[in-house]
Amino acid sequence: MLAFQTQKQTITNNGHTIKIDVSDGNRLLIGNKIFTLQQFHFHSPSENEIAGKHYPLEGHFVFKAQNNSLAVLSLMFQKRGG
């Protein structure tokens, strides 16, 4: 389950990616473990492949649990009609 809050965020272009540091309140529940969204960023082209295919844009949503374990939700974007 994902729960996102609408809040102001900090956006940084570090030369490798566009990174957005987020405010508290954005959560991901996996089993009985709660992960808090730390930041999200984008890569163009995608860093990863699906069935051998790269995509024009990939978003990484980085979550962290209290025990410091991480969960990364990756979304692939493609051009409309492509």
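Asparagine 68 sits in the loop between strand 6 and strand 7 (70-77). In this predicted model, asparagine 68 has a positive phi of about 70°, although it is not a glycine. Most residues other than glycine have a negative phi. Asparagine 68 counts as exposed because its relative accessibility is 52%, and the cut-off for exposed is over 50%.

With 85% relative accessibility, alanine 51 counts as exposed.

From serine 44 to proline 45 it is cis, with omega near -5°. Most peptide bonds are trans.

Next, the interior. In soluble globular proteins, nonpolar side chains tend to be buried together. The largest nonpolar core in this model has 10 residues: Ile20, Val22, Leu28, Phe35, Leu37, Phe40, Phe61, Phe63, Ala65 and Ala71. Strand 5 and strand 6 are the elements that give two or more residues to this core.

Phenylalanine 61 is one of the core residues. Which residues is phenylalanine 61 in contact with, leaving aside its neighbours within four places in sequence? They are Leu37, Gln39, Phe40, Ala71, Val72, Leu73 and Leu75. Among these, Leu37, Phe40 and Ala71 belong to the largest nonpolar core.

Note on methods
Residues are numbered from 1 along each chain as its sequence is written. This is a predicted model: local features need pLDDT of at least 70, side-chain atom pairs count only at pLDDT 80 or more; totals for chains, interfaces and linings use all residues. Side-chain values use heavy atoms; hydrogens and water are left out. Buried means under 20% relative accessible area, exposed over 50%, partly exposed in between (1.4 Å probe, protein chains only). Helices (H or I, at least four residues) and strands (E, at least two) are DSSP runs, numbered from the N terminus. A nonpolar core is a set of buried Ala, Val, Leu, Ile, Met, Phe, Trp, Tyr and Cys residues joined through side-chain atoms within 4.5 Å. Contact means heavy atoms within 4.5 Å.
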